[in-house]
Amino acid sequence: MVSGLIVTTLLVGCSSRGSNADSNYSDKVSNESSPTSTELTKEDVTIKFSWWGADNRHEAMKEVVRLYQESNPNVTVEIEYGAWDGWQTKVLTQLSGKTEPDVMQVNYNWLFSYGRGKNVFYNLDEVKDFINLSNWDENYLNAMQVDGEQTAVPHGMTGRVNLMNEKLFSENSLELPVTYDELIEAGKVISKDNTATGAENKYAFTNMGEVSKDLFIAQMLFNKTGKVMQTDGTVNYTVEEAGAMPTFAQDPSIENESNPEWVNVRTGGIYEWANSLGKWVGSYQSGQSSEDLVVGGYFQESADVKPNVYVKPNFGYAVSRNSKNPEVAADFINFMFTNEEAVKAAGDTLGVSSNTVTYEFQDKNDLIEGSVKQGYEVLDQYEQTVIDPYFEDENVRNERYTAIEAFRSGKSTAAEAAKQYVEKQQSALDKYYKE
């Protein structure tokens with residue numbers, strides 16, 4: 001079991017599909033699918049669209065682009081896509097050189113960390129004739145406003161959930177664990193025959209990659225203390241509250257859905273974004289044994305106290321400040337959310353949307369099914385807190401990774417690593433994001 005330490009967030013109660021006061025989307029869907037006050041250009045134009053994701057998202061977005069070009073034959077949409085690893089660095093390099101695409105899938109934290117709280121993207125309020133902003137709840141639009149400008153529009157809310165392999169637990173005569181202590185005890189049973197080489201080792205739970213580990217640690221400490229890690233550029237935990245870095249097993253050699261421990265039924269669970277569960281179900285036993293898997297509840301400090309869980313906008317769409325065709329770019333974003341065929345083409349690759357028109361189409365066409373639907377149903381059972389945008393910034397997160405790695409490699413003690421985890425994170429916030 002890979003376990004860990006802390007998290008950072010902004011305390012805002014919400015639902016993964018809307019605010020607490022706005023849970024019934026079907027009653028509030030806008031009848032207007034697109035703005036009509038200004039006509040889109042009929043001249044031949046080219047825009048570029050970029051996104052990250054897995055193969056299923058790539059194929060879906062290609063079809064969305066094809067549909068838009070079919071509806072707008074004067075517009076050519078060039079595409080650029082790839083995996084998440086390294087994508088933030090790629091986009092930052094493009095922005096620095098003013099070579100970024102017209103339309104970009106953007107991560108939540110980019111809106112705030114790029115420019116230290118100043119908007120570096122196009123203000124979508126200036127093209128609201130081409131993108132119907134009224135189709136989003138105001139709270140979700142506010143979450144993506146920077147310096148008073150509408151920097152991007154959100155697709156939806158998401159959180160990490162536990163995708164559990166019931167088969168491995170049942171083979172060991174175990175129920176799915178509810179508490180952290182039960183998870184540790186299950187690990188002792190499942191891992192009883194593990195060897196030093198790790199070739200066929202089995203685990204009760206595996207955090208695939210640094211991000212998973214970081215967020216799992218964060219949720220653990222939130223559960224234990226009831227305090228968020230970071231608000232307004234300040235780490236809220238003292239070194240004493242952080243305590244000591246927990247021990248964890250070796251990192252998996254492959255940190256994605258191709259990991260053999262996952263594919264070959266050698267781990268009992270993973271911690272993954274709700275909107276990304278489809279790819280993990282698809283890779284498990286080559287997609288032939290999905291009945292083994294279930295989205296479990298969040299691990300708890302005690303069996304009778306449900307935790308408050310972290311969520312965030314899963315991503316948004318922004319327009320380049322340097323775009324020569326911002327109206328067309330905005331229209332393309334609007335099309336993705338309000339054209340039923342485009343929503344059907346996207347399927348469940350983007351998760352549940354907070355755009356009311358999109359959500360109506362998703363519900364009408366049964367597009368959110370299986371593990372993704374289960375994931376959002378589990379999220380909706382818990383009180384939620386929105387992650388502070390600077391938590392995911394690479395400059396800040398990398399300092400936490402450094403502390404974890406120093407402990408893992410034996411360069412620091414558990415207490416020293418916990419101290420570094422708090423202090424280095426605060427130093428990064430002070431260095432990069434305070435005037």
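Is E80 buried or exposed at 16% relative accessibility? E80 counts as buried, where buried means under 20% relative accessible area, exposed means over 50%, and partly exposed lies in between (1.4 Å probe, protein chains only).

1. Basis of the note. This is a predicted model, in which local features need pLDDT of at least 70, side-chain atom pairs count only at pLDDT 80 or more, and totals for chains, interfaces and linings use all residues. Residues are numbered from 1 along each chain as its sequence is written, and side-chain values use heavy atoms, with hydrogens and water left out.

2. E80 pairs with K48 in a salt bridge, with 3.9 Å between the closest N and O atoms. The two partners come from distant parts of the chain, 32 residues apart: K48 is in strand 2 (residues 45-52) and E80 is in strand 3 (residues 75-82). Strands (E, at least two residues) and helices (H or I, at least four) are DSSP runs, numbered from the N terminus. K48 counts as partly exposed, at 25% relative accessibility.

3. The salt-bridge count. A salt bridge here is a side-chain nitrogen of Lys or Arg within 4 Å of a carboxyl oxygen of Asp or Glu. By this rule the model has 16 salt bridges. As background, side chains of opposite charge can pair when their charged atoms come close.

4. R66 and E70 form a salt bridge at 3.2 Å, N to O. Both residues lie in helix 1 (residues 55-71), four residues apart, which is about one turn of the helix. R66 is partly exposed, with a relative accessible area of 38%, whereas E70 is exposed, at 55%.

5. E341 and K344 are joined by a salt bridge whose closest N and O atoms are 3.4 Å apart. The pair sits in helix 12 (residues 340-346) with a spacing of three residues, about one turn of the helix. E341 is partly exposed, with a relative accessible area of 42%, and K344 is partly exposed at 36% relative accessibility.

6. Three strands make an open sheet in the order 11-8-12, with antiparallel pairing. Strand 11 (269-273) and strand 12 (293-296) are the edge strands, each pairing on one side only. The twist from one strand to the next averages 35°. Two strands are said to pair if DSSP finds at least two bridges between them; strand 8 (residues 160-165) and strand 11 run antiparallel and are joined by five bridges. Within this pairing, N162 stands opposite Y271 in strand 11.

7. Helices on the sheet. Helix 7 (residues 210-225) packs on the sheet and touches strand 8 and strand 11, its direction making about 95° with that of strand 11. Contact means heavy atoms within 4.5 Å. Helix 14 lies across strand 8 and strand 12, running at about 20° to strand 12. Axes are lines fitted to C-alpha atoms, for helices over the stretch in contact, and angles run from 0 to 180 degrees between N-to-C directions.

8. Positive phi. Most residues other than glycine have a negative phi. D147 has a positive phi, near 55°, and is found in the loop between strand 5 (145-146) and strand 6 (149-150). D366 also has a positive phi, near 50°, and lies in the loop between helix 13 (356-364) and helix 14 (370-379). D366 is exposed, with a relative accessible area of 51%.
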